[in-house]
Amino acid sequence: MKILKLVTGILSIILFVFVAFQSCAAGLSNALSDNGEVSGSAGLLTAICLLTAGIVSIATRNAERNGGNIACIIIYLIGAFLGFVMAGSYSDLKIWAGYACICGIIHLISAINN
């Protein structure tokens, strides 16, 4: 599980860049069309959750206790919740929220195995 937590952490940090740029574009599109959606802001919050959980996942991959796993579960699932609920016209956000949900489940399995 240590390697899997390292891989999900690295992928989360890399995906942060893509999600953040897409969210900025979606936010700009929402502002220009004045449609009242908040999908760009939700995407940015999801990106921040991916970055934070990725860093925690890498930093605590060798820990014997479950504190890091629990923190990652909470952060990933908050990001997934925000992504699924506030996606709006930014449909790619559902994909990134799904990835966050999968990573949260991976950390849940890791916490149970500890």
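At 48% relative accessibility, Ile55 counts as partly exposed. That residue is found in helix α2, which makes α2 a handy way into this predicted model. Overall, the protein chain has four helices and zero strands.

**The whole chain**

- Reading along the sequence, you get the pattern α-α-α-α.
- The radius of gyration comes out at 15 Å, close to the 13 Å that the globule rule gives for 114 residues, so the chain is as compact as a globular protein of that length.
- Taken along the principal axes, the C-alpha atoms fill a box of roughly 50 × 20 × 15 Å.
- Of the 114 residues, 39% are buried.
- If you look at contacts with a separation of 6 or more, 76% of them link residues 24 or more positions apart.

**Helix α2**

- Helix α2 runs over residues 39-59, and at 1.5 Å a residue its 21 residues should span 30 Å; the end C-alpha atoms are 30 Å apart, which agrees.

**The nonpolar core**

- In soluble globular proteins, nonpolar side chains tend to be buried together.
- Here the largest nonpolar core has 20 residues, and Val19, Leu50, Tyr76 and Tyr90 touch the most other members.
- Each of α1, α2, α3 and α4 supplies at least two residues of this core.
- What does Val19 touch, not counting residues up to four places away in sequence? The list is Gly43, Ala47, Leu50, Tyr90 and Trp96.

**Ser110 in α4**

- Ser110 lies in helix α4.
- Is Ser110 buried or exposed? Ser110 has a relative accessible area of 4%, so it counts as buried, the cut-off being under 20%.
- Leaving aside neighbours within four places in sequence, Ser110 is in contact with Met1, Lys5, Asn66 and Asn69.

Notes: Residues numbered from 1 in each chain as written. Predicted model: local features only at pLDDT ≥ 70, side-chain atom pairs only at ≥ 80, totals over all residues. Heavy atoms only, no water. Expected span 1.5 Å × (residues − 1). Core = buried A, V, L, I, M, F, W, Y, C linked by side-chain atoms within 4.5 Å. Buried < 20%, exposed > 50% of the residue type's maximum accessible area, 1.4 Å probe, protein only. Contact = heavy atoms within 4.5 Å. Rg over C-alpha atoms; globule rule 2.2 N^0.38 Å.
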